[in-house]
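Please keep the sequence and the coordinates in view while reading.

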Amino acid sequence: METGSESRYWYGASEEDRRRRAVEVLQAFRVYRAAEVAMRRRTRESMSMGENELLVLRYLIKAAGQQRQVSPSELTRYLGVSTASTTAIVDRLEKTGHVTRVPHPTDRRSIYIVATAVSDEEVRATLGSMHTRMMAAVVDMTPEESAAVIACLGRLQDAVDQVDPHPVDAEAAH
């Protein structure tokens with residue numbers, strides 16, 4: 001008769017094996033994340049813009065694809081910055097020809113921010129080949145592989161979403 005440890009050996013389910021595989025998966029995600037951060041830095045540098053400027057541009061291009069207009073206050077909420085910071089970002093993007101301010105059709109006091117056609121083309125040219133390579137890397141995954149990756153990323157997102165930006169010090173609270 002097999003003991004519990006012998007049956008785990010055959011199926012590779014020992015605690016040590018499970019932890020080793022978990023560390024390997026997390027390390028693979030860290031390496032991917034580092035590569036993605038480096039790619040974003042290179043993209044910002046090639047387009048001569050900061051992180052928030054590139055985020056605004058991508059947000060505006062996505063909104064345009066959805067036939068949606070974007071107000072400055074929506075950008076402020078999206079970025080999580082002050083209205084003054086949003087204004088400065090939009091000013092810089094407008095000065096470099098990446099966005100335009102267009103009047104609201106019914107409210108004279110309001111405007112929308114729109115990515116220019118040149119900006120859309122530049123972002124697509126810069127990121128298009130990367131998106132093609134990324135799609136090629138995953139398009140042949142089996143439904144089971146896709147489900148496993150999606151489930152894993154969802155669990156990791158839940159784990160990082162639970163990080164409290166202001167941890168409570170138990171001793172200081174008393």
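This is a predicted model: local features need pLDDT of at least 70, side-chain atom pairs count only at pLDDT 80 or more; totals for chains, interfaces and linings use all residues.

S48 is placed in the loop between α2 and α3, where helices (H or I, at least four residues) and strands (E, at least two) are DSSP runs numbered from the N terminus. Its phi is near 55 degrees, a positive value in a residue other than glycine, and S48 is exposed, with a relative accessible area of 66%.

Residues are numbered from 1 along each chain as its sequence is written, and side-chain values use heavy atoms, with hydrogens and water left out.

Two packed helices are described by the angle between their axes and the distance between the axes. Here the axes are lines fitted to C-alpha atoms, for helices over the stretch in contact, and angles run from 0 to 180 degrees between N-to-C directions. The table gives these values for two helix pairs.

| Helix pair | Axes come within | Crossing angle |
|---|---|---|
| α2 (residues 15-47) and α7 (residues 143-161) | 13 Å | roughly 80 degrees |
| α4 and α5 | 9 Å | roughly 110 degrees |

Helices α2 and α7 are therefore roughly perpendicular to each other, a label for angles of 65 to 115 degrees, whereas angles under 35 count as roughly parallel, over 145 as roughly antiparallel and the rest as oblique. V25, L26 and F29 of α2 meet C152, L153 and L156 of α7, contact meaning heavy atoms within 4.5 Å. By class, this contact has 6 nonpolar, no polar and no charged residues, with Ala, Val, Leu, Ile, Met, Phe, Trp, Tyr, Cys and Pro taken as nonpolar, Asp, Glu, Lys and Arg as charged, and the others, Gly among them, as polar.

Helices α4 and α5 are also roughly perpendicular to each other. Their contact is made by P72, L75, T76 and L79 of α4 and T83, T86, I89 and V90 of α5, and these residues divide into 5 nonpolar, 3 polar and no charged. T76, which is found in helix α4, is buried, with a relative accessible area of 13%, and T86, found in helix α5, is buried at 2%. A polar contact of 2.7 Å joins the side chains of T86 and T76; such a contact is a pair of N or O atoms within 3.5 Å, and within protein one must be able to donate a hydrogen and the other to accept it, residues adjacent in sequence counting only if both atoms are side-chain atoms.

Leaving aside residues up to four places away in sequence, L93 touches M49, E53, V56, L57, H98 and V99.

How values were computed
Buried means under 20% relative accessible area, exposed over 50%, partly exposed in between (1.4 Å probe, protein chains only).
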